[in-house]
Amino acid sequence: MTNFENPSDGVKKRWLMEQPIFDRIKSQGFSEYAKDMNLKSACIRPEDAPIRVCCMDEGTPSFLHAAGGGILLPPEELEKYLGHTKAQVLTSHDGCGAARIYAGMHGIDMARADETGLMWAKKTAEKHGLIHEHISASSMSRPEEGHFARVCYYDLTGSFDWRRDEGLPAGFTVSHKFMDTDYALKAETLTALKIAFGEHGLGHLLDADHPFILCAVAREEDLARALSELKSLPHHYDGRVEIEHITVPDF
Ligand SMILES: [Zn+2]
């Protein structure tokens, strides 16, 4: 039985909407389930789309992600990430968990976390000759009050966007292809877990029958590495986290 003690009505509603997908994933495994999806469409980015860095947050749409738009990346890693991805647009958004982590690390009042995230993105965009966009709560594809995603996609393709196939569940996305493994795991993937299990996430809804899924998205040759990295991540949610994968075929 599902325990609806903590999350808000909006989060519960999205949870229930996605339950049929998770019932199928539970019986088939993610990999089998995803074979019925259009993975080509989910993994090949539209040619005319701007290269837009969005937060890992499931409410901010893109094929390219970094927590808080990159706010947690060490400066030299951020430089590499922006160069490697050829980013054109850098986004910030309302209610950003990564901006809260950044504020906590720098002794900034939590009430100013969103403003801090926005100013960071604006200044960073300016410094690197990028366009800055701010995504307001009303433009985000999740309830303003919290996160409903029960998947974190650990993407080794660098172009995966679950929104391009309506059968794929919503998820946080870690664009590992462009990040150092240690950072992708310990800063990004762990942040997704903390958010999902935290007060702005799913709380008690996540249990052994309804686990949070860390889902590697990789081509055959990268899959074993991605899975072994995910298995190596220590966390405090034993029994409530499962590791799954989507194998991306060659197109
Ligand atoms: Zn965010």
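Two residues are in contact if their C-beta atoms, placed from the backbone, lie within 7 Å. By that rule, Val 217 touches Tyr 153, Tyr 154, Asp 155, Leu 156, Thr 157, Phe 160, Ile 246 and Val 248, leaving aside residues up to four places away in sequence. The model is predicted.

Val 217 also belongs to the largest nonpolar core, which has 69 residues. Along with Cys 152, Tyr 153, Tyr 154 and Cys 215, Val 217 touches the most other members. In soluble globular proteins, nonpolar side chains tend to be buried together.

Four strands make an open sheet in the order 6-5-7-8, with parallel pairing. Strand 6 (172-174) and strand 8 each have a single partner strand, so one side of each has no neighbour in the sheet. On average, neighbouring strands are turned by 20° against each other, direction ignored. Strands 5 and 6 are joined by three bridges. Cys 152 stands opposite Phe 172 in strand 6.

| Helix | Strands touched or crossed | Angle |
|---|---|---|
| Helix 7 | strand 5, strand 6, strand 7, strand 8 | about 175° with strand 6 |

Helix 8 (residues 220-231) has twelve residues. At 1.5 Å a residue they should span 16 Å, and the end C-alpha atoms are 17 Å apart, which agrees.

Which residues of helix 8 are buried? They are Ala 226, Glu 229 and Leu 230. These cover an arc of only 95° around the axis, so they sit on the same side of helix 8. On the other side, Glu 220, Glu 221, Ala 224, Ser 228 and Lys 231 are exposed. The buried residues pack against strand 5 (151-155), helix 7 (181-197), strand 7 (212-219) and strand 8 (241-248).

Note on methods. Residues are numbered from 1 along each chain as its sequence is written. This is a predicted model: local features need pLDDT of at least 70, side-chain atom pairs count only at pLDDT 80 or more; totals for chains, interfaces and linings use all residues. Helices (H or I, at least four residues) and strands (E, at least two) are DSSP runs, numbered from the N terminus. The expected span of a helix is 1.5 Å times one less than its number of residues. A residue is buried if 20 or more other C-beta atoms lie within 10 Å of its own, exposed if 12 or fewer, and partly exposed in between; C-beta atoms are placed from the backbone. The arc is that of the directions from the helix axis to the C-beta atoms. A nonpolar core is a set of buried Ala, Val, Leu, Ile, Met, Phe, Trp, Tyr and Cys residues joined through C-beta atoms within 7 Å. Two strands pair if DSSP finds at least two bridges between them. Axes are lines fitted to C-alpha atoms, for helices over the stretch in contact, and angles run from 0 to 180 degrees between N-to-C directions.
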